[in-house]
Amino acid sequence: MPSPKRKHSKSRRDKRRANWKLTIPGLVECPQCHAMIVPHHVCSECGFYKGKSVIQASAEA
């Protein structure tokens, strides 16, 4: 394996590492109960998906 001939600067190293950051997931509002949910997933609050009841909502409230 080839070895590096010169030392890479801290600036060059840190520029490469600058894009390793977390991004928050995109959330949308449920049209039924207005809770924030991940797009294209069943709402865990009301159990609706695309205007239809898909699952029974948990009765914890």
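On a 1 Å grid over the protein atoms alone, a pocket is an open set of points with protein on both sides within 12 Å along at least five of seven lines, and a lining residue has an atom within 4 Å of a point. In this structure, the largest pocket is lined by 15 residues, of which Pro-31, Ile-37, His-41, Tyr-49 and Lys-50 lie nearest its centre. The model is a predicted one, in which local features need pLDDT of at least 70 and side-chain atom pairs count only at pLDDT 80 or more, while totals for chains, interfaces and linings use all residues. Residues are numbered from 1 along each chain as its sequence is written, and side-chain values use heavy atoms, with hydrogens and water left out.

**Overall form of the chain**

- The protein chain has one helix and four strands; helices (H or I, at least four residues) and strands (E, at least two) are DSSP runs, numbered from the N terminus.
- The order of these elements along the sequence is α-β-β-β-β.
- The radius of gyration of the protein chain is 23 Å, well over the 10 Å that the globule rule gives for 61 residues, so the chain is more spread out than a compact globule. This radius is taken over C-alpha atoms, and the globule rule is 2.2 Å times the number of residues to the power 0.38.
- The C-alpha trace spans about 65 × 25 × 25 Å along its principal axes.

**Surface and contacts**

- Of the 61 residues, 10% count as buried; buried means under 20% relative accessible area, exposed over 50%, and partly exposed in between, with a 1.4 Å probe and protein chains only.
- The protein chain exposes about 6,200 Å², of which carbon and sulfur atoms supply 56%. Accessible areas come from the Shrake-Rupley method with a 1.4 Å probe, and for residues only the protein chains shown count as cover.
- Among contacts with a separation of 6 or more, residues 24 or more positions apart account for 0%; contact means heavy atoms within 4.5 Å.

**The largest pocket**

- The volume of the largest pocket is about 160 Å³. For this value, grid points are joined across faces, edges and corners, and the volume is the space filled by probe spheres set on the points.
- Strands β1 (28-29) and β3 (48-49) each supply at least two residues of the lining.
- The lining has nine nonpolar, four polar and two charged residues. Ala, Val, Leu, Ile, Met, Phe, Trp, Tyr, Cys and Pro count as nonpolar, Asp, Glu, Lys and Arg as charged, and the others, Gly among them, as polar.

**Two residues with positive phi**

- His-40 lies in the loop between β2 (36-37) and β3, and its phi is near 65°, a positive value in a residue other than glycine. With a relative accessible area of 69%, His-40 is exposed.
- Lys-50 has a phi near 55°, again a positive value in a residue other than glycine. Lys-50 is placed in the loop between β3 and β4 (52-53) and counts as exposed at 72% relative accessibility.

- Glu-29 belongs to strand β1 and, at 48% relative accessibility, counts as partly exposed.
- Not counting residues up to four places away in sequence, Glu-29 touches His-34, Ala-35 and Met-36.
- Between Glu-29 and Ser-53, 24 residues apart in sequence, the C-alpha to C-alpha distance is 16 Å.
- Met-36 belongs to strand β2 and counts as exposed at 52% relative accessibility.
- Leaving aside neighbours within four places in sequence, Met-36 is in contact with Leu-27, Val-28 and Glu-29.
- Met-36 and Gly-26, ten residues apart in sequence, are 9.6 Å apart in space, C-alpha to C-alpha.

- Pro-25 lies in the loop between α1 (10-17) and β1 and is exposed, with a relative accessible area of 55%.
- The C-alpha atoms of Pro-25 and Asp-14 are separated by 25 Å, and the two residues are eleven residues apart along the chain.

How values were computed:
On a 1 Å grid over the protein atoms alone, a cavity is a set of points where a 1.4 Å probe fits but cannot get out, and a pocket is an open set with protein on both sides within 12 Å along at least five of seven lines; lining residues have an atom within 4 Å of a point.
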